[in-house]
Amino acid sequence: MKSLKKCFGLGVGRKSGLSFAMLAGGSLALLLCVSCASGKAVEQIDIEDEERGINMVQIPGESYCIMDTEVTQEIYESVMGENPSNFKGEKNLPVENVSWYDAASFCNKLSEQEGLEPVYSVDGEADLGQWSWNFPDERMECNEVANGYRLPTVEEWQYAANGGQAFKYSGSDVLEEVGWYGSVRDKTHPVAQKKANGYGLYDMSGNVCEWCWDSEGSVYTGSYGHSYCGGAWSFDSNRCTVDHKDYNYAGYKSVFLGFRVVRNADE
């Protein structure tokens, strides 16, 4: 199935007054923004399962697509058959309480379900059923040319969060416009309720932090772990900036930590 990129920087929420016209027989589409009455020719990108609610946006000038929201509990459960989240009840809440292992497993399993090549393997084995979860995470290998889903690198995440803009937070200098954070220190909130950034991406400065692929620290010092970026519903504003990152061990789970996925862009 096919989906279109958003009119960068103009959408607030998913229903942003955009209309689309398909050019018959081509790989381009005309995006007509009702707000500015201007047309932009943009590439189509493949979405294997729109019904699942996964919408991927290709980052301009880059070779990857990124999910426009954090992975929701509904999407996670549809792939993994379980919902580990602490905060439940509302539709479209981000999944949380997931480890780096969980996020990588989701990527591989979603890839398999969509008929794509899994990105991750351990000792050459990509079949989730064959993985042993007591392995050191340093043994996990990443096939950088596979077309399946994966976690973003920190560089990819921060570039996408910047949105082609120069704001302190992802999409604004006013955090309340774009992120759920410590001023409402209660729980997670449904995705895509705040203003999107310039690339049409939501909640990159609040709601839940997001696991990335990169490792930090050293196994020799005992501080080795994997990076996560972005702000969270429980964080102060100074931890919600575009460049904020931290790290923790691969098995770590928290009510403030989720993820979103990326894919290599189709040639």
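Which residue takes a positive phi just after helix 3? Gly-163 does, with a phi of about 70°. Keep in mind that this is a predicted model, in which local features need pLDDT of at least 70, side-chain atom pairs count only at pLDDT 80 or more, and totals for chains, interfaces and linings use all residues. Residues are numbered from 1 along each chain as its sequence is written, and side-chain values use heavy atoms, with hydrogens and water left out.

Here is a short tour, topic by topic. Helices (H or I, at least four residues) and strands (E, at least two) are DSSP runs, numbered from the N terminus.

**Helix 3 and its buried side**

- Helix 3 covers residues 154–162, and its buried residues (buried means under 20% relative accessible area, exposed over 50%, partly exposed in between, with a 1.4 Å probe and protein chains only) are Val-154, Glu-156, Trp-157, Ala-160 and Ala-161.
- These residues lie on the same side of helix 3 because they cover an arc of only 165° around the axis; the arc is that of the directions from the helix axis to the C-beta atoms.
- An α-helix has 3.6 residues a turn, so residues three or four places apart point the same way.
- Strand 6, strand 9 (149–150), strand 10, strand 11 (225–229), strand 12 (245–248) and strand 14 (262–264) are included in what covers the buried residues of helix 3.

**The nonpolar cores**

- A nonpolar core is a set of buried Ala, Val, Leu, Ile, Met, Phe, Trp, Tyr and Cys residues joined through side-chain atoms within 4.5 Å.
- The largest one here has 49 residues, and those with the most contacts inside it are Val-71, Phe-106, Met-140, Trp-211, Phe-256, Phe-259 and Val-261.
- Two or more residues of this core come from each of strand 6 (64–67), helix 1 (73–80), helix 2 (100–113), strand 7 (120–122), helix 4 (175–178) and strand 10 (209–216).
- Helix 2 gives the largest share of this core, 7 residues.
- Val-71 is in contact (heavy atoms within 4.5 Å) with Tyr-76, Pro-94, Val-95, Phe-106, Phe-259, Arg-260 and Val-261, leaving aside its neighbours within four places in sequence.
- Another core, of 15 residues, lies apart from the largest one, and Val-57, Tyr-64, Tyr-199 and Val-242 are among them.

**Two open sheets**

- Two strands pair if DSSP finds at least two bridges between them.
- Strand 10 pairs with strand 13 (residues 257–258) in the parallel sense over 2 bridges, and Cys-209 has Leu-257 in strand 13 as its bridge partner.
- Strand 10 pairs with strand 11 in the antiparallel sense over 4 bridges, where Glu-210 stands opposite Cys-229.
- Strand 11 and strand 12 are antiparallel, over 4 bridges, and the bridge partner of Tyr-228 in strand 12 is Asp-246.
- The other open sheet described here also has 4 strands, in the order 5-6-14-9, with antiparallel pairing.
- Strand 5 (56–58) and strand 9 are the edge strands of that sheet.
- Strand 6 and strand 14 pair over 3 bridges in the antiparallel sense, and Ile-66 stands opposite Val-262 in strand 14.

**Aromatic rings and charges**

- Rings of Phe, Tyr and Trp (its six-membered ring) pair if their centres lie within 6.5 Å; planes under 30 degrees apart count as stacked, over 60 as edge-to-face and the rest as tilted.
- By this rule the count comes to 13 aromatic pairs.
- Tyr-120 and Trp-213 form a stacked pair, 5.1 Å centre to centre with 15° between the planes.
- Tyr-120 lies in strand 7 and Trp-213 in strand 10, so the pair ties together parts that are 93 residues apart in sequence.
- Tyr-120 is buried at 1% relative accessibility, whereas Trp-213 is partly exposed at 22%.
- Tyr-252 and Phe-256 form a tilted pair, 6.4 Å centre to centre with 55° between the planes.
- Ring pairs link Trp-211, Tyr-228, Phe-235, Tyr-249, Tyr-252 and Phe-256 into a cluster.
- The charged end of Arg-239 sits over the ring of Phe-235, 3.7 Å from its centre; for this, NZ of Lys or CZ of Arg must be within 6 Å of the ring centre and within 35 degrees of the ring normal.
- Lys-194 lies over the face of Trp-180, at 4.2 Å from the ring centre.
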